[in-house]
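Dear colleague,

I am passing on the structure below, together with some notes on what turned up when I went through it. Please keep it open beside you while you read.

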Amino acid sequence: MSYSFLRSMDLTAMTAQNVQKPRRPGRPSGSANGAEKREHLLNTALNMFARQGIADTSLNAIAREAGVTPAMLHYYFHNREQLLDVLIDERFLPVRLAASSVFDANADDPVAAITQLAQRFIDISSDHPWFPPLWLREVMSDNGVLKQRMNERFGDIQRKSALQSIIRWQAEGKLHAGLEPSLLFITLFGMTLLPLATAPKWQRDDSNPLSADVIARHAITLLTLGLGPLAK
């Protein structure tokens with residue numbers, strides 16, 4: 001399976017097929033302008049959560065950043081818990097389903113599933129720049145507010161199902177037995193989301209910044225060809 005084919009997968013179409021549009025909590029917007037304000041508030045909250053964390057971001061701070069009054073923010077979202085639940089339903093759950101769907105789509109091909117998952121992380125991050133820093137801050141952390149809220153609402157059924165797929169592939173001889181299933185996702189995060197989120201802090205060559213395509217090519221090459229030299 002070529003890199004260009006993976007890059008051309010239609011993430012939007014897959015998300016639309018797998019995600020039922022949730023009921024929007026809070027007061028109805030009543031107009032197109034109200035819907036735009038609601039989206040602006042959600043985007044502002046996402047960017048602030050990614051930049052400084054959910055626990056350290058108050059509703060008043062979000063209102064100031066968005067250029068609205070606290071009363072206006074409370075009109076749409078009564079408290080931070082409701083705001084977080086809306087973000088989970090409308091932003092995180094579609095992303096989560098889009099990423100996890102590669103295991104169902106490639107039930108008998110672990111290499112395709114794992115390389116497509118790595119590419120999917122890159123694609124999601126390109127479409128949603130808030131995703132890498134927020135994921136590292138709030139999901140990879142033991143005390144992340146987002147992680148706790150998502151576990152309360154959905155548990156870890158998807159993670160356990162993916163681990164069972166990896167174990168099955170190893171038993172069937174389709175995946176290297178030396179791999180540790182519980183470390184595979186951490187490894188993929190480290191190869192994709194970590195460089196995307198932290199490159200500005202450690203990259204020294206500002207004239208040639210790492211692009212998402214370069215990171216994706218590196219990750220998929222390492223996954224499929226390993227560290228050996230190119231065969232002649």
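**What was found**

From the N terminus on, the elements of the chain run α-α-α-α-α-α-α-α-α-α-α-α-α, which amounts to 13 helices and zero strands; helices (H or I, at least four residues) and strands (E, at least two) are DSSP runs, numbered from the N terminus. Please bear in mind that this is a predicted model, in which local features need pLDDT of at least 70 and side-chain atom pairs count only at pLDDT 80 or more, while totals for chains, interfaces and linings use all residues. Residues are numbered from 1 along each chain as its sequence is written, and side-chain values use heavy atoms, with hydrogens and water left out.

Of the 232 residues in the chain, 41% count as buried (under 20% relative accessible area, with exposed meaning over 50% and partly exposed in between, for a 1.4 Å probe and protein chains only). In soluble globular proteins, nonpolar side chains tend to be buried together. If neighbours within four places in sequence are left aside, Leu 83 is in contact (heavy atoms within 4.5 Å) with Leu 42, Ala 45, Phe 49, Leu 59, Ile 62 and Phe 77.

Just after H4, Gly 67 takes a positive phi of about 75°. Leu 59 also lies 9.5 Å from His 78, C-alpha to C-alpha, although 19 residues separate them in sequence. His 78 is found in the loop between helix H5 (70-76) and H6, and is partly exposed, with a relative accessible area of 43%.

Helix H6 (residues 80-105) packs against helix H7 (residues 110-127) at an angle of about 160°, with their axes 8 Å apart; axes are lines fitted to C-alpha atoms, for helices over the stretch in contact, and angles run from 0 to 180 degrees between N-to-C directions. The two helices are therefore roughly antiparallel (an angle over 145 degrees). Among the residues that meet here are Val 95 and Phe 103 in H6, and Leu 117 and Arg 120 in H7.

Technical notes
Angles under 35 degrees count as roughly parallel, over 145 as roughly antiparallel, 65 to 115 as roughly perpendicular and the rest as oblique.
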